[in-house]
Amino acid sequence: MVDEFDILTQIFQAFEPSKPLEPGDPAYVMCEDVRGDNNILKDLGNEIRRSEGSTCQLYAGHRGSGKSTELLRLKQYLEEHGCFVVHFAADAEDVDPQDAEYTDILLACTRHLLEALLPKTKADPQPLMNWLHDRWSSLKELALTEVSFDGLDVEVGLNEFIKLSTSIREVPSLRQDIRKQLNPHTPTLLDALNQFIIDAKRSLPDEKTKLVVIADNLDRIVPIVDDDGRSNHDEIWIDRSGQLQELACHSIYTVPISLIYSKQVSRLTDIYGNPQVLPMIMIKTESGDLYQPGFDKVREVVIRRLQQLNLNLDIETEVFESPEVLNRFCLMSGGHLRELMQLIKEASNRLDTLPITVQATRRAITEARDTYRRTVQEAEWEVLAHVARTKRIQNDDDHRDLLFRRCLMEYRYLDSEGEMQCWYDVHPLIYAIAEFKEAFSAVQP
Amino acid sequence: MNLDSIDWDEDLPPASPEEEYQALRRAIQRTDGFGLLFVQCAPAKGHEIIKQIKEDLPQKKVEVLSLKEPIRNLYERVEALPNRNEIDVLFIEGLEYSIYEYEDVKRHLGWTTEEIQSYSWKGVPHILTNLNQQRERFRDNFQACFVFLVPPFVLKYVIHRAPDFFDWRSGAFQFRMDADQIQHEIQHAWIPGDYRKYRNLSSQERLDKIFHIQILIEEGKEQPLESVDLYAGLGDLFAFEGNCKASILSYEKVLESDPDEHNKYKAWNNRGIELSKLERYEEALSSFSHAAKIDPTDYRIWHNQGLILSRLGRYKEAISFFDEALKLNFNNYKTWFKRGVALYNLGKYRQAIKSYDKALGLRTDDCQIWYNRGNSFGKLKQYKKAIKDYNKAIKLKPDYDNAWFIQGFTWIELGQNVKAIECFDRVLMINPDYYLALYGKACLYSRLGQSDQSIENLQQAIQINADECCDLAKNDSDFDTIRDDPRFQTLIS
């Protein structure tokens with residue numbers, strides 16, 4: 001009894017939804033061919049390796065689809081291929097996702113680049129210090145600093161940049177004031193930053209030749225629409241796209257999935273090329289049949305994690321009650337890995353001994369389904385029903401919102417001619433919800 | 001493989017509290033380092049759970065963070081906990097305080113049973129954005145299993161507004177109340193229908209109660225629950241909170257469930273009152289008449305209908321309703337008073353006076369009644385009686401500018417110009433912008449042949465309200481003595 005309990009604990013901990021995998025973790029499963037041939041190393045990475053100039057690329061994916069894991073892999077890959085990578089999570093200290101504007105992002109990039117490059121290169125931060133110095137008096141008025149700064153002390157300057165950047169996030173009341181002061185000067189900040197970057201590139205450590213900035217978690221920026229119908233997303237990624245792209249090094253920005261589905265997507269494509277989207281793992285085909293390769297991958301994710309525990313148990317009969325139980329988990333996840341983790345955890349919570357039974361699995365599914373039932377609002381059942389019938393979505397707020405909440409899932413595959421096909425489905429858990437079934441039968445096939 | 005296995009798609013019936021608790025215990029037990037669990041339950045149940053967990057898991061250090069007021073930043077609160085590095089399990093309760101204090105939530109609560117169609121991104125309780133933003137920091141810096149104890153409304157809110165945070169959960173657990181527990185709660189939480197108690201509560205306490213009822217309604221959704229009392233309570237609470245719309249909706253919910261006579265009557269009546277506050281008079285009338293059908297002996301319903309009809313200018317009908325009210329209760333001075341006003345508006349001054357007499361026989365300290373009766377006397381040209389009444393009104397309310405004013409005019413009718421001017425001066429002392437008093441003085445001075453004074457006052461009056469005063473002055477015979485005066489001519493042009 002004790003042994004088995006312990007095993008369940010190990011299983012519980014192995015399926016932790018909040019931790020991205022570190023690169024090289026044996027639990028990692030390559031899923032590119034069932035995600036529409038999505039290979040971040042190839043798609044984003046090679047673009048960087050091939051270009052002489054500076055690239056600017058966007059990366060999006062559903063919440064919990066494995067973006068951060070992929071970005072960490074990319075970071076390692078790039079580092080192995082001559083790049084110095086500055087990777088940071090924008091919302092940790094700098095950007096408030098509830099109220100974000102372009103200036104905040106630029107400041108965040110400046111701060112992190114300074115922090116990363118100053119100790120490692122011989123780059124001269126003077127242009128940035130000068131810029132800061134020129135802003136000093138107005139910043140003092142905002143009571144952001146009591147320090148006197150004559151533009152020479154780099155350490156002080158760096159601290160002030162950090163303070164500036166974090167103040168935007170930490171002190172909402174000052175945010176607008178700071179932005180007002182700085183907005184007219186962002187072009188000069190960009191200039192100064194670029195001078196710094198170019199200088200840094202001359203003396204990158206370890207014989208690196210390229211500089212890459214990865215700004216993660218910008219996908220969490222909540223869309224805020226003003227009275228004229230413009231959103232801050234438009235402002236950041238479209239209106240200011242020129243400035244975003246002017247950074248004198250390679251950059252990768254994560255973007256909210258809803259931006260990819262917005263009315264602006266064609267403009268976005270014009271500006272950045274095709275944004276990279278990390279779709280769900282495809283486990284069924286558009287026509288509803290099982291897609292074996294994708295399905296097998298999802299099974300593999302579970303099996304690998306379990307194998308790492310060295311349990312000496314047969315996975316399909318001793319860990320799970322039957323092969324069908326394992327399969328059911330995979331199916332109900334819809335190809336979404338975090339969901340898979342949560343389902344298995346939920347099931348294991350219901351048990352003191354192995355195997356994971358049909359009953360426990362049904363319980364986990366019931367609970368998960370209930371959460372989705374609460375997520376969907378009255379008027380949205382019909383929208384979902386239509387998507388289920390047509391496997392297509394429309395580019396409007398309703399659909400975007402449902403994608404954002406993962407009630408709708410996106411899948412991609414390469415057809416027989418090597419063309420990328422994209423289709424959508426309702427989350428498998430939703431299919432059995434009474435309200436959905438009602439709406440579904442009411443929609444004409 | 002059979003993909004359409006019906007077995008799997010059938011939801012299991014809700015887990016028993018015991019089953020649910022065991023699952024929660026296992027989740028807590030098995031968490032090593034950071035973990036995130038959501039538990040939906042009533043506060044009392046929450047405490048029970050904490051106690052039980054402490055007993056069942058003695059090897060874990062369990063702490064409770066009880067939030068009693070709204071906060072913006074949970075991370076800081078947790079960071080400030082003493083010995084936080086030793087805590088294995090941290091229960092957090094009271095998240096709802098940070099949420100329902102929020103403006104749009106107040107509005108949301110007003111539409112309790114209607115699902116709000118869209119949660120917009122504008123205006124999200126700061127605590128939730130804070131959670132969403134800080135989740136990595138929580139994970140990286142706090143090696144504890146966080147267990148959020150929340151009411152149902154909050155869980156839904158978190159799912160929508162802090163989806164990234166919610167998405168990291170290792171489990172979500174629900175402890176629903178059974179029918180008995182809910183009934184128990186209803187009986188002990190408050191006394192339905194005792195609205196006087198609600199009046200004495202502070203606004204925050206009322207919101208508390210509203211929230212509490214919400215939870216019970218939500219809990220009772222899947223059970224045959226007597227929700228009439230709950231909705232009636234909501235109706236009253238919202239009424240006191242000044243949220244007429246929400247109040248009306250709640251009463252309508254009461255009516256929808258076809259309750260007993262008493263509750264039906266209350267609901268129709270109260271709905272009528274709230275509707276008239278929103279000036280939806282026709283609907284209010286209809287509501288009241290429904291109530292009257294159930295209990296024709298409540299004089300107040302007749303009175304209320306009379307009030308509305310008066311407001312709509314339908315004085316004859318109003319009076320017949322007031323009469324009905326008086327038949328049932330002839331000691332309600334208000335009804336006599338309002339009846340008088342309606343009669344006055346119909347030009348039936350003698351009858352109006354009779355009505356006012358009755359009202360004054362019951363209450364002598366309402367200055368308005370004296371004033372109104374005075375006006376009626378005035379219309380009948382019984383000026384001395386009118387002045388007596390105005391004096392009574394003024395005695396009760398010395399700054400009653402209207403009473404001073406009309407009294408002034410009445411003195412004019414009695415030929416007492418000096419006394420009249422005194423009255424107008426009093427008016428202007430109370431309210432310097434009372435242009436009609438200035439106009440009145442102008443008239444008087446003109447009559448007395450003091451053209452300078454007259455022009456000066458008229459000028460001041462016109463400065464405040466040119467249109468009205470010019471119009472009046474053009475045709476006012478009082479100004480005949482100065483009509484040819486060039487200053488007069490320029491003023492009124």
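In which helix of chain A is the place of A:Ile344? A:Ile344 sits in helix α18 of chain A, helices being DSSP runs of H or I with at least four residues and strands runs of E with at least two, numbered from the N terminus. The model is predicted, so that local features need pLDDT of at least 70 and side-chain atom pairs count only at pLDDT 80 or more, while totals for chains, interfaces and linings use all residues. Residues are numbered from 1 along each chain as its sequence is written, chains are lettered from A and ligands numbered from 1 in the order in which they are written, and side-chain values use heavy atoms, with hydrogens and water left out.

Chain A has 22 helices and 7 strands. Of its 445 residues, 60% count as buried (buried means under 20% relative accessible area, exposed over 50%, and partly exposed in between, with a 1.4 Å probe and protein chains only). Among contacts in chain A between residues at least 6 apart in sequence, 74% join residues at least 24 apart; contact denotes heavy atoms within 4.5 Å.

A:Ile344 is buried, at a relative accessible area of 1%. Neighbours within four places in sequence aside, A:Ile344 contacts A:Ile11, A:Phe15, A:Val302, A:Phe320 and A:Phe329. The C-alpha atoms of A:Ile344 and A:Cys330 are 9.7 Å apart, with a separation of 14 residues in sequence.

The largest nonpolar core comprises 124 residues, of which A:Trp237, A:Tyr253, A:Phe320, A:Leu384 and A:Ile430 touch the most other members. Such a core is a set of buried Ala, Val, Leu, Ile, Met, Phe, Trp, Tyr and Cys residues joined through side-chain atoms within 4.5 Å. Helix α5 (residues 102-120) of chain A supplies the largest share of this core, 10 residues. A separate core of 55 residues includes B:Tyr356, B:Trp411, B:Ile455 and B:Leu491. The contacts of A:Phe320, residues up to four places away in sequence not counted, include A:Val302, A:Leu306, A:Ile344 and A:Pro355.

A:Pro355 is joined to A:Leu354 by a cis peptide bond with omega of about -5°, and is placed in the loop between α18 (337-349) and α19 (358-375) of chain A. Positive phi values near 60° occur at the non-glycine residues A:Asn312 and A:Lys391. Most residues other than glycine have a negative phi, and most peptide bonds are trans. A:Asn312, in the loop between α15 (292-307) and α16 (315-319) of chain A, is exposed, with a relative accessible area of 78%. A:Lys391, in the loop between α20 (380-390) and α21 (397-404) of chain A, is buried, with a relative accessible area of 12%.

A:Glu367 lies in helix α19 of chain A and is buried, with a relative accessible area of 13%. Residues up to four places away in sequence excluded, A:Glu367 touches A:Glu346 and A:Arg350 as well as B:Glu20, B:Ala172 and B:Gln174.

In chain B, helix α22 (residues 383-396) packs against helix α23 (residues 401-413) at an angle of about 160°, and the axes are 10 Å apart. Axes are lines fitted to C-alpha atoms, for helices over the stretch in contact, and angles run from 0 to 180 degrees between N-to-C directions. α22(B) and α23(B) are therefore roughly antiparallel (over 145 degrees; under 35 counts as roughly parallel, 65 to 115 as roughly perpendicular and the rest as oblique). Residues in this contact include B:Tyr383 and B:Tyr390 of α22(B) and B:Trp404 and B:Trp411 of α23(B).
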